[in-house]
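Here are some friendly notes to read with the model open beside you. Take the points in order, and find each residue on screen as you go.

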Amino acid sequence: MEMAEVEIQTPDYMQRRWHNIRKLLERSGPFCHPDFEPSSEILDFIMNNCKVLIVGAGGLGCELLKDLALMGFKKLHVVDMDTIELSNLNRQFLFRKNDIGLSKAKCAVEFVNKRIPGCEAVAHHCPIQDLDEGFYRQFHVVVCGLDSIVARRWLNGMLVSLLQYNDDRSLDQSSVIPLVDGGTEGFKGNARVILPGMSACIECTLDLYPPQKTFPLCTIANTPRLPEHCIEYVKVLQWEKENPWGNTTLLDGDDPQHVAWVYEKAQERATKYGITSVTYRLTQGVLKNIIPAVASTNAAIAATCATEVFKLASSCCVNMNNYMVLNMADGVYTYTFNAEKRPNCVTCSNTTKVMEIEHDATLQAIYDKLCEDNAFLMKSPGITTVVNGRNKTLYMASIKSIEEKTRDNLKKKITELGLYNGAEILVADVTTPNTVTIKLKLSEKIDVDMLY
Amino acid sequence: MASPSPKSPEQSEKNKQYDRQLRLWGDHGQAALENGHICLINATALGTEILKSIVLPGVGAITIVDHNIVAEEDIGSNFFLDCSSKGLNRGTETLRLLLELNPAVQGHAVQEPTEQILQENPDFFKSFSIVVATSLGEKIIQDLAQHLWDINVPFILCRSVGFLGSFRIQIKEHAIIETHPENEQIGLRLDVPFPALAQYLDTFDIDTLDLKDHGQIPWIVILYKAVQKWQLSNQNRWPMSRKEKNEIKEIIQEFIRKDENGIPIEEENFEEALRAVNTALVPTFLPVKIQELLYCSSATNLTKDSLPFWIMCSALRNFIEAEGKSKLPLRGVLPDMTSSTEHYVKLQSMYRTQAVMEAEIVYRKVQEIVAQLHCESISETEVKLFCRHSHDLHLIKGSNIAMEYQLGSNSVASYIARYLEEPDVMMVHYILLRAAEIFRSEHCRAPGEWEPEADIAKLKTCVSRLLTDISCSPFPKDDHIHEMCRYGGAEIHSVSAFLGGCIAQEAIKIVTKQYNPVNNTFIYDGASTNTATFTF
Ligand SMILES: [Zn+2]
């Protein structure tokens with residue numbers, strides 16, 4: 001009897017439960033992707049073959065996991081290094097108060113696997129940087145809901161590094177893993193589809209991210225005007241001076257005692273200068289660089305990403321081209337545009353990167369360019385080169401002993417360090433999984449008078 | 001070493017849980033949300049996705065009206081159903097799983113059909129802050145809309161079919177004090193400085209300050225001085241044209257100190273002054289939009305039942321006509337600018353004091369009106385908030401959905417026709433959503449529910465009928481009709497999830513009376529990732 005029952009069981013992709021999406025997949029329409037051939041095999045592929053990686057199990061990640069599981073995807077992987085906090089619960093709907101302190105990835109996956117029968121999501125409670133090329137290569141699509149730009153850039157770099165090129169330097173299409181990326185901030189958000197090597201990547205459009213707001217040190221120290229200035233003062237200067245919890249204790253924005261201490265000291269400073277409105281909420285906001293977040297925006301952006309993943313996996317419809325912005329603060333407004341691929345993109349252009357620099361410049365000038373130039377915007381680049389066949393570290397800030405040894409190099413002229421026109425430097429940074437090779441192009445200083 | 005023990009009280013649990021959203025709508029917005037009661041009719045995937053993003057931030061209560069029994073397709077697209085739900089009432093089941101999201105939220109389920117409630121107990125709807133409905137038939141939409149219009153309860157009508165979706169907000173009148181505009185007018189009154197400000201600005205002499213102090217002069221002082229200098233040779237006029245503003249910039253350039261080689265010294269405050277010329281020199285004026293609001297009949301013909309908003313508008317108008325001398329009350333906010341602490345704090349407190357003073361005058365006028373009309377009192381906090389945001393007040397006067405459904409020769413018809421002629425594909429989607437509703441009421445199923453091809457002609461008849469009603473020629477191609485039949489009434493989860501997020505936020509905007517909601521129809525096409533807003 002039991003055998004018979006197993007035999008007549010309909011395969012999962014034929015189940016009545018999936019009736020809704022089956023209409024999109026088993027029928028053709030006038031606006032379908034040109035390659036689309038309706039069939040029940042598409043849902044079979046989505047359910048039983050198509051592997052999707054969800055990066056982040058926070059506001060967007062929880063939504064993405066739910067959305068994709070209800071669009072038929074079963075082979076889902078979720079990676080997130082974070083644990084659950086109380087302030088997540090206003091939007092990260094797969095978590096409850098009892099879950100505080102547990103892994104976001106594990107909790108989210110457990111919940112969805114339980115709610116949606118057949119879903120086989122797998123959790124990875126670790127930083128994305130701990131997973132290697134082999135891990136990332138197994139996916140058909142990667143969808144990313146991160147709040148960190150650095151992590152996004154790293155992931156983008158990883159997917160680009162998986163690209164393979166044919167002998168004629170053309171891209172091997174089968175090595176392309178599409179990246180669908182979403183981000184939110186308050187009532188604003190964006191969603192985009194990236195085909196690494198083919199369309200604009202994260203690095204091609206770095207200028208779309210607003211520059212981080214910072215306060216000049218002299219204002220904080222000498223002429224504070226805003227409550228934020230007072231809080232920054234305590235955070236940057238007073239904490240280190242007073243070490244309220246002893247020398248080794250760093251300021252922790254998640255420790256309520258620390259926040260309360262900063263709040264009180266900032267209030268004292270504000271009173272001294274006649275500044276008002278230092279509040280606990282503001283103190284916490286400045287210390288942790290808190291970005292407002294609400295369930296609705298995350299739901300809308302994640303859903304947009306999920307729709308695009310579904311289109312990529314099924315070809316039932318053409319993808320958005322290729323970047324959508326959403327603003328729900330005044331009505332609901334969206335705008336979709338084609339973010340253009342930068343031909344000389346440091347990450348995805350598959351050409352040697354060139355940096356133009358004056359021949360009498362110092363290493364500091366190269367370092368600054370790597371941090372400030374829109375083409376690089378690195379955080380803390382480590383610079384090495386090869387001199388006479390030997391690796392030579394020119395400057396590296398990330399390891400203290402090396403920083404001390406190489407610090408003087410920053411002041412030296414690049415020619416003194418053995419660099420020349422056409423020399424290559426190798427740059428490592430948190431924004432990229434691979435070392436970037438940059439060819440130096442030294443230019444003579446142009447005399448302004450000669451132009452006339 | 002003893003640990004320091006700061007005395008500041010830690011935040012409450014609730015403040016911590018809602019921290020990220022309190023930064024968007026504040027404690028008073030949260031309090032309003034916690035007083036809200038949302039009614040959902042039909043717990044489809046779209047319905048529960050809407051409630052999800054209202055329950056999470058902590059609405060007071062939800063009521064689900066649904067008489068349907070959970071089918072297997074429901075479970076496949078609706079996250080708030082599980083396998084054990086099959087065969088049970090859909091409202092009760094989704095309520096159970098929705099309430100798990102936030103124990104602070106109250107919930108009720110009503111298993112009667114909407115038609116029945118509307119007939120037997122229409123007062124049922126009176127207690128809700130908003131009624132949200134999904135998947136309703138053509139007839140009941142009109143009856144319900146008319147009833148909610150009559151009893152003045154906001155209504156959001158929502159649809160999700162295939163890649164398409166829409167929502168329509170019906171609200172008689174919605175006044176927003178805190179619109180949170182992206183670019184607030186700064187309104188510094190440099191052209192008509194109040195006495196304390198004028199006195200303070202006059203104490204500066206830019207040329208005699210030493211270099212350190214020179215670099216600490218706030219840019220509004222620099223701007224004021226530059227205009228004063230310019231006015232000497234311009235009959236005391238206010239610089240208006242681009243050319244005149246450029247002359248102001250030249251004067252500012254002259255103020256900048258030079259080093260021994262005659263090269264200008266970089267001073268951040270002067271750079272800021274140069275950048276501010278174009279925006280900060282806009283003369284103080286009463287925006288037309290606000291003027292219209294203050295002189296509309298609701299604000300001029302007050303009754304005992306007038307809303308606090310209109311009473312405050314009336315008081316504000318009295319202020320503008322008297323003490324305010326045609327100006328709105330000062331906002332009292334000084335933008336950040338390079339400056340010594342002393343100058344900045346002094347200026348800031350001047351603006352603040354003046355704003356408080358003006359708001360107090362408005363408050364007194366409010367009290368007078370309240371006394372005359374014998375209506376409910378309005379708190380000083382409310383009036384102050386109103387005054388602070390008086391530059392950006394926004395009023396939405398809505399329209400009745402029942403009227404939108406009676407096409408014929410009314411203005412809605414010509415409005416639609418105008419977009420169809422362009423042709424605007426998003427308006428085509430609207431027509432198809434409407435036509436699909438007609439189809440359903442005639443054939444008791446969605447177009448293409450069984451056989452897409454067979455229903456194309458039938459749906460086309462519905463489309464033609466609508467187009468005739470608005471005096472439009474038929475669509476040249478059947479492609480959109482074909483696509484609607486392909487959808488076969490399917491509800492796609494990610495499409496509903498997108499709309500759910502948007503609609504939840506619209507409901508929250510209405511309940512908290514903050515941020516402008518859509519006025520009044522939103523169309524979404526997930527296939528092309530396009531959206532549009534129409535005002536019917
Ligand atoms: Zn690129």
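1. A term to start with: a residue is called buried when its relative accessible area is under 20%, exposed when that value is over 50%, and partly exposed in between, using a 1.4 Å probe and protein chains only. By that rule, 53% of the 452 residues in chain A are buried. In chain B, buried residues make up 60% of 536.

2. A word on how to read the numbers. This is a predicted model, where local features need pLDDT of at least 70 and side-chain atom pairs count only at pLDDT 80 or more, while totals for chains, interfaces and linings use all residues. Residues are numbered from 1 along each chain as its sequence is written, chains are lettered from A and ligands numbered from 1 in the order in which they are written, and side-chain values use heavy atoms, leaving out hydrogens and water.

3. How confident is the predictor about chain A? The score to look at is pLDDT, the predictor's confidence in each residue, from 0 to 100. Chain A has a mean pLDDT of 92, with 96% of its residues at 70 or more. Do look at residues 448-452 of chain A, though: there pLDDT stays under 50, and the model has one contact beyond four places in sequence for this stretch. Contact here means heavy atoms within 4.5 Å.

4. Now the overall build. Helices (H or I, at least four residues) and strands (E, at least two) are DSSP runs, numbered from the N terminus. Chain A has 14 helices and 13 strands, and chain B has 23 helices and 10 strands. Taken along the principal axes, the C-alpha atoms fill a box of roughly 85 × 60 × 45 Å in chain A and roughly 85 × 65 × 60 Å in chain B.

5. Contacts that span the sequence deserve a look too. Take the contacts between residues at least 6 apart in sequence: in chain A, 61% of them join residues at least 24 apart. For chain B, that share is 69%.

6. Two strands pair if DSSP finds at least two bridges between them. S9(A) pairs with strand S13 of chain A (residues 436-443) in the parallel sense, over six bridges. Within that pairing, Met355(A) sits opposite Leu440(A) of S13(A).

7. For another pattern, turn to strand S4 of chain B (residues 130-134), where five of five residues are buried. Ile130(B), Val132(B) and Thr134(B) point one way and Val131(B) and Ala133(B) the other, yet all are buried. S4(B) pairs in parallel with strand S1 of chain B (residues 37-41) over four bridges, with Cys39(B) opposite Val131(B). Four bridges also join S4(B) to strand S5 of chain B (residues 155-161), again parallel, and there Val132(B) has Ile156(B) as its bridge partner.

8. Is Lys52(B) buried or exposed? Lys52(B) lies in helix H3 of chain B (residues 45-55) and counts as buried because its relative accessible area is 0%. Leaving aside neighbours within four places in sequence, its contacts include Glu63(A), Lys66(A), Phe93(A) and Ala299(A), as well as Phe80(B) and Leu98(B). The side chain of Lys52(B) also makes a polar contact of 3.3 Å with that of Glu49(B). A polar contact is a pair of N or O atoms within 3.5 Å; within protein, one must be able to donate a hydrogen and the other to accept it, and residues adjacent in sequence count only if both atoms are side-chain atoms.

9. Glu184(B) sits in the loop between strand S7 (173-176) and helix H8 (195-202) of chain B. Glu184(B) counts as partly exposed because its relative accessibility is 41%. Its side chain and that of Arg331(B) are joined by a polar contact of 3.1 Å.

10. Finally, the UniProt record (unreviewed entry) places the feature "active site" at Cys218(A). UniProt positions are given in the numbering used here, feature names are shortened, and annotations may be inferred rather than shown by experiment. Cys218(A) lies in helix H8 of chain A (residues 217-221) and is partly exposed, at 48% relative accessibility.
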